[in-house]
Amino acid sequence: MTQQGMSTKSRHLIIPDLITIGVFTALYFVLVAVATLFSSVALMGFGMILLPAVAALICGCVYMLLVAKVGKFGAISVMGIVVGLFLFVSGHFILSLAASIVFPVIADAIARAGDYRSKTGILASYVVFCYGLTGPILPLWFMKDAYVASLQARGKDSSYIDGVFAHVNTGTFFIAMIVVLVCALLGGWFGQRMLKKHFAKTGII
């Protein structure tokens, strides 16, 4: 392939790329579902708050493989936006969609800055991407009244609502964000280790 052809390929998503993105987005959804189940069972009252961190810990391989397979601007953004649209349609606040647009697009830009070949850049982009999944929990701190109203509209009683907000305070907000950072670094590093041979074949260094 000529250098010009490679350059064109690196800039534009084509139909096979969109199919690949769809496959990895589906895999990502499955892992997020696993993270949701684990969080609700094992983390009890902190399950909702720590869900983005658990997902960040186990989704690294999917993200790294998507980058290695596609390596074009838009792949990361599309996956994040699709997730955000699903969350929004399933009843989450508009903040979920906003986070799932802003963070993935920034993550895409970070990965592109290293031409999708810098392991450090890709790891940093994964960390940013993982904050996109904080959209569903951010209203707990920043839109409490609206969140309570939505729970009441769904028929939840005061004891259930009190349980949801039992651990919601300024301290747990910062803890949740820091744990996402740590888990994303670990999950991304593990994903890169698992796919080291694949990265070598695609020229990622």
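The model is predicted, so local features are considered only at a pLDDT of at least 70 and side-chain atom pairs only at pLDDT 80 or more, while totals for chains, interfaces and linings use all residues. Residues are numbered from 1 along each chain as its sequence is written, and side-chain values use heavy atoms, with hydrogens and water left out.

**The nonpolar core**

A residue is called buried when its relative accessible area is under 20%, exposed when it is over 50%, and partly exposed in between, using a 1.4 Å probe and protein chains only. A nonpolar core is a set of buried Ala, Val, Leu, Ile, Met, Phe, Trp, Tyr and Cys residues joined through side-chain atoms within 4.5 Å. The largest such core here has 55 residues, and those with the most contacts inside it are Tyr28, Tyr63, Ile76, Tyr126, Leu140, Trp141 and Phe165. Contact means heavy atoms within 4.5 Å; leaving out residues up to four places away in sequence, Tyr126 touches Ala55, Ala56, Leu57, Cys59, Gly60, Tyr63, Met64, Ala184, Gly187 and Gly188.

**Helix H3**

Helices (H or I, at least four residues) and strands (E, at least two) are DSSP runs, numbered from the N terminus. The buried residues, among them Ile49, Leu50, Leu51 and Val54, pack against helix H2 (15-42), helix H4 (60-69), helix H7 (119-130), helix H8 (138-142) and helix H11 (170-194).

**Cavity and pocket**

On a 1 Å grid over the protein atoms alone, a cavity is a set of points where a 1.4 Å probe fits but cannot get out, whereas a pocket is an open set with protein on both sides within 12 Å along at least five of seven lines, and lining residues have an atom within 4 Å of a point. Grid points are joined across faces, edges and corners, and a volume is the space filled by probe spheres set on the points. A search of the whole structure finds one cavity of 30 Å³ or more. The largest cavity has a volume of about 50 Å³, and its lining consists of Tyr28, Gly80, Val83, Ser100, Pro104, Phe129, Gly132 and Leu133.

The largest pocket has a volume of about 830 Å³. Of the 31 residues that line this pocket, the closest to its centre are Met48, Leu51, His92, Pro136 and Tyr147. The largest share of the pocket lining, six residues, comes from H2.

| Residue | Relative accessible area |
|---|---|
| Valine 127 | 9%, buried |
| Serine 96 | 0%, buried |
| Threonine 120 | 63%, exposed |

Valine 127 is placed in helix H7 and, apart from neighbours within four places in sequence, is in contact with Leu181, Ala184 and Leu185. Serine 96 lies in helix H6, where, not counting residues up to four places away in sequence, serine 96 touches Gly84, Leu87, Gly135 and Pro136.
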